[in-house]
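Here are my notes on two spots in this model that I'd like you to look at. Have the structure open while you read.

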Amino acid sequence: MSGATEGDPAASIRVAVLGGVQVSVEGIDATPHGRLARMLIAALVVGVTGVASDELCRILWNDLEQTAKLHLLVHRTRASLGRADAIERTADGYRLAESTWIDLEALDDLADHSPVTALQMAAAEPFAGIAGEFFDQARRDVADRVAVVRRNALLAAVRRGDDELVLQYVIAAREEDPYDEELTAAQVTALARTGRSAEALTEFESLRRRLADELGTAPGEPLQELHLQLLDGRTPPPVTVLAQLPAHVDAVIGREEELSVLDGLEDGVTRLVLICGMGGAGKTTLALSWAASRREHFADGILYADLRGFGPGVEASPQTVLQQFLRALGHRVPAMGEPDELAALFRSATAGRRMLVVLDNVRAEAQARPLLPGGDGPVTLVTSREALTGLGVQAPARTITVGPLGAEAAAVLAADALSASGRAPDTAMARRLAVACGGLPLAIVVAAHAADDASERAFRAPILPLLETGDDATDVAQVLSWSLDGLDEVSQRVFRLLGMLTSPMTASAVVAMAGGDVAEAARAVRRLRRANLLQRFDDARLAQHDLVRELAVQALDHAADADEVARARSRLVEYYALAVDAAADLLDAGKDLSSIKVLDGRAPQASTLPAEARPEAPGDIQQASAWIDRERQTIVDVVRGADAADDAVVVRMLLRLRAYAVGDSYLSEAAALYGELLHRGERIGDVAVQAAALRLIGGVEVHTKGLSASRRRLEAALPLSRRIGDEEGESSCLNNLGEVARLAGDFTLAESHFGAALDLARQHQDYTRMTLHLANIALCKLGADHLADAEDYAQRALEAAGTAGSERGRSVALRVRADARLQQGRLEEATADARAALELSTRIAYLEGAARLRILLVRLRFAEGAEDAACRAMRALATQLGDEGLPWEQGEALLALATLLVRTGADPLPAQQEAEALHRRFLEAA
């Protein structure tokens, strides 16, 4: 059940049993009128985790055989409360709903932060008006608990100076325990403060005599000290509730998840929370805002100290902070007290107290460890740029990592900050600022106040110069740089070299780039991660925040020499060349690469990287493909940054990637990589590389820049391939030129190119390429409406595929033949071909081919007469292909739908427009 405090709005069902049973639902009185219903609720309060049905029958009717009556009573009680979930069924009985607020459960919390309410509740008789042996025992059980609550509430009240409240209830409490010296001190103190010093002295003397006469003892030292104060005419002042929090932001933006974790501290289980994150992320703001909002939960006050672990000035020593804390707690502290002695005294002084201790800006575990309070009462928040995992090893701790804000929250903060700076921001302006600052709260606020203008141009990198304030506490570059203080030399060097990177990388790639001793470099990477100067990007890779990277670039420019950077770049290129080789070896396994002449003589160079700094090879084809998918942008950045000295390594790496860099999702990366291949081929004067690059660029530009651009690239590549006798390259150029012509609708020119390519393939008896070219000629015949010839070429392609053992070639040939037969009206034969091809494509995971065959099968349904059903199926298929990550084939399905709609007499324009829009989005994304 809930132990929420009085007035907590979260509990919609509230049950009170102090002073009689009372129930409210959503703030409205719902107390049952029937005696048995009230007894049922009271019994479920006593058995808070559940009461067995036979036990409830005994309590209510003293008869174990009244189960039917019990079920009926429960049903009627639920109905009277208007909540079917108010009473829940258990395995053998019933219980109140888990979220029910119960006054008995809330008493302990109320004693500290609301003693008035606690004392009023404790004065009421538990289960008043309910008779029976069970409830008599329950009252006796509750009495001891209520007495403790009343005592704690009186002591809390006297600390706060609520003297009249103390005098109202203390006499009854002392009657229950006439030897309780703390209660006597509370009464004496309250009497003295209200001007009744004589009565106060009389009460002290009365207890002194009782202790001497009945127990043969004297009052303890605290009570005797109080007596001496009264004799000297000194009245003990109320204890000042410690509230040491500095000024802070009242509310934080975008930290709901973190605040929820902090709110969970009220469960009493977790007593230590580590709030970690990079500089400027808002760790202190989060801690102070939450602490202030929960002030009433810490009746004994809040201690705060800035340990100055990062920033200007000298770090605060634990000894100094302990002295400050102990003085605030009312202890006399020797100026030269031993640290261990002070720490022990602090633990004793805080043990069991409902306090919050905020240790802000901690550098290391050793700085915070002596400042952890003692016992189960206090809660401690520690903020640091470091992970401080050592603290969590010694004591149960919860770690909250505070990172940059999400896009929406960052934009809200930017809008608020712009408004506070006197601007009238629009949404677009706020979003630009938030994105430019990488969601870092400090940077966003500073940029909003410091920028001369909020134009898009103003927020282009580098951003750090825009965020200079001249104030150490808010200058973003200065604030971020504090995290570098104290880093060892190797970590500093690795941090500088990270300025070369613009994409996420694995830890092993960073270690390889760093060079030197591998173990030291690995330790440096871990050190940077602990300092939040290098953060997890995904399950496999690490990255720097954009502003931290700018800081690394500055450090690289100022401290690193050109030779060091060049060597690091070469190591990085070598690492990725090894990784590409390992992935391509798996992906190329079983393929005949002998015809790819451009790879001739390009064997991998002997690796200079230590074995432990080399990439781990993927375990299978799926892992290899996933690696390329994940790392493709990083490979682009590594290649772009490679020096001319590494041209040979880069060229070989790109040639091995040639078949995997271009795909429906990779066009942007492919264009960049093939552009680099052309540039480096020209720089080293390698015609074969230049020709290969031009062919590959032409293949990409079919999708990105149009047929004319693609044709120009291919026409430039063709004479280069012929000049060096590269027939494989010549054949590839001819085939691609034929494809460009076919897409342009010039079937005669396309067939001419495919025919020339076919002749080259025949000369070398390359049946795999012959299959491709024959199938392409068949597609030209289809486009020219020469259906019999199309079927004939498709048949010849099928035979060549059989000779080559190419299952993919067989699938393509069967699809083209099926299409030719469909257009000739031979639907049964066409369907058989299409289904055989689909089965084959599915088996070999040829996803694009399978998608086109599914489109063809829907067209066959339309031809069979199921026109409306086929149109619906084509629409559904288009959606499904989009869900499967095949946007190009999704567009083909939509265009096929438009064609079908024309034939039914319906308007094809919406489908055509959707297909065109889809293709535009695809190209923009690519």
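1. Start just past helix H18. Gly438, which comes just after H18, has a positive phi of about 65°. Keep in mind that this is a predicted model.

2. Now step back into the helix itself. H18 runs over residues 427-436, and its buried residues are Met429, Ala430, Leu433, Ala434 and Ala436. These residues span an arc of only 165° around the axis, so they sit on the same side of H18. Turn to the other side of H18 and you find Thr427 and Val435 exposed.

3. What covers that buried side? Among the elements over the buried residues of H18 are helix H17 (407-420), helix H19 (441-450) and helix H24 (546-559).

4. Helix H32 (residues 727-743) packs with helix H34 (residues 767-783) at an angle of about 20°, and their axes are 11 Å apart. Angles under 35 degrees count as roughly parallel, and H32 and H34 are therefore roughly parallel to each other. The crossing in which H32 passes H34 is left-handed.

5. Which residues make up this contact? From H32 come Glu728, Ser731, Asn735, Glu739 and Arg742, and they meet Arg769, Leu772, His773, Asn776, Leu779 and Cys780 in H34. Sorted by class, the contact of H32 with H34 has 3 nonpolar, 4 polar and 4 charged residues.

Note on methods: Residues numbered from 1 in each chain as written. Predicted model: local features only at pLDDT ≥ 70, side-chain atom pairs only at ≥ 80, totals over all residues. Heavy atoms only, no water. Buried < 20%, exposed > 50% of the residue type's maximum accessible area, 1.4 Å probe, protein only. Helix = DSSP H or I, 4+ residues; strand = E, 2+ residues; numbered from the N terminus. Arc of directions from axis to C-beta. Contact = heavy atoms within 4.5 Å. Axes fitted to C-alpha atoms, helices over the stretch in contact; angles between N-to-C directions. Parallel < 35°, antiparallel > 145°, perpendicular 65-115°, else oblique. Left-handed = near helix turned anticlockwise from the far one by under 90°. Nonpolar A, V, L, I, M, F, W, Y, C, P; charged D, E, K, R; others polar.
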